[in-house]
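Good morning, and thank you for coming. Please look at the sequence and the structure as I speak.

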Amino acid sequence: MHRVCFLSLLTFLPCSQDRVHHNQDLSDHPHDDNQDFQYDHEAFLGKEDAKTFDQLTPEESKQRLGKIVDRIDRDGDGFVTQPELKEWIKHTQNRYIYENVNKNWKDYDKNSDGHITWTEFKNATYGFYEGEEFGDLDDKHSYRKMLARDERRFKAADKDGDMTATREEFTAFLHPEAFDYMKDIVVTETIEDIDKNGDGFVEVEEYLGDMYSPETGEPEPDWVKTERQQFLDFRDLNKDGKMDREEIGHWILPTDYDHAEVESKHLLIESDKDKDDKITKEEILDNWNMFVGSQATNYGEDLTKDHDEL
């Protein structure tokens, strides 16, 4: 029997193998430029958005690509570097995250100043209960723990420590698994969810208990036996019978093949005609077929939106 862990009034954290955050491939198509550029299109534009680009003429595609290049060039120096290109690819692949933040933003930014303070978030999420010390709720202790946990995560996401979140910081608060600087808080919360004896480690039975609750007299399923062996062979790296913080980090936030890193280097190399390790808008437009080809996104409407996020 699989379970879902209740994280706070705002979010639910999936248990079991869903805790593991892998880098997903950028496209379901083979990366073979001799065949077509479909992989590159989906990597650069996002899988869903890329589907509508074939409705545009080459002239329309180039025009909209030019607007995208202006957004990729974050420092406005007229060049697109590999890190800027990588950041753009990561952004398009994680667009669902930013759409989720945008959808919820107005619920928390009560004074519409473009920031969310801890007080705004706390009042919107817990205010009804907290004013009466969680009133007549049966499980006041759990609510107090959730409030403390959210405050700790908010502080971790708040880089400058002013208890006021920018859109980027609020995105890190809602989706910490997507931000390197939030790794420690993700590990801490995972330990709190799974470590039942409170020793700061995750033992094999605690690991299995996060994904399976046996019925009395029920034989252990084969998949549970497999997971037990996975723990012994691949999770407990130092073979001391439990996972420490470092091992938990390797488990839930593994260092995978960085698809965005590889693709950004590929697009730059293929477009960098003067080999100066950066590309101009002209160089990108000259190679427009690799970036967008005869396919486009909903950038016709997307580019008219207010993009305050990353």
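Phe-44 and Phe-291 are both buried in this predicted model.

Because Tyr-207 is in helix α10, residues 204-209, and Trp-251 is in helix α12, residues 245-252, the pair ties together parts 44 residues apart in sequence. Buried means a relative accessible area under 20%. Tyr-207 has 1% relative accessibility, and therefore counts as buried. Trp-251, at 5%, is buried as well.

How many aromatic pairs are there by this rule? The count comes to 15. Ring pairs also link a cluster, whose members are Trp-105, Tyr-108, Trp-118, Phe-121, Phe-154, Phe-170 and Phe-173.

Some rings also have a charged side chain over them. Arg-167 lies over the face of Trp-105, 4.4 Å from the ring centre. Over the ring of Phe-79 sits the charged end of Lys-278, at 4.2 Å from the centre.

Let us turn to helix α13. The helix runs over residues 259-271, and its 13 residues should span 18 Å at 1.5 Å a residue; the end C-alpha atoms are 18 Å apart, which agrees. At its start, the backbone nitrogen of Ala-260 has a side-chain oxygen of Asp-258 within 3.3 Å.

Which residues of α13 are buried? They are His-259, Ala-260, Glu-263, Ser-264, His-266, Leu-267, Leu-268 and Ser-271. The buried residues of α13 pack against several elements, among them helices α1, α4, α14 and α15 and strands β3 and β8.

Finally, a word on annotation. An unreviewed UniProt entry assigns "domain: EF-hand" to residues 60-95, 96-131, 145-180 and 182-217. Residues 60-95 are 72% helix and 6% strand, and the end C-alpha atoms of that span lie 23 Å apart. For residues 145-180 the figures are 58% helix and 6% strand, with 25 Å between the end C-alpha atoms.

Methods
Residues numbered from 1 in each chain as written. Predicted model: local features only at pLDDT ≥ 70, side-chain atom pairs only at ≥ 80, totals over all residues. Heavy atoms only, no water. UniProt positions renumbered as here; feature names shortened; annotations may be inferred. Helix = DSSP H or I, 4+ residues; strand = E, 2+ residues; numbered from the N terminus. Expected span 1.5 Å × (residues − 1). Buried < 20%, exposed > 50% of the residue type's maximum accessible area, 1.4 Å probe, protein only. Contact = heavy atoms within 4.5 Å. Polar contact = N/O pair within 3.5 Å; in protein donor to acceptor, adjacent residues only side chain to side chain. Phe/Tyr/Trp six-rings, centres within 6.5 Å; stacked < 30°, edge-to-face > 60°. Lys NZ or Arg CZ within 6 Å of the ring centre and 35° of its normal.
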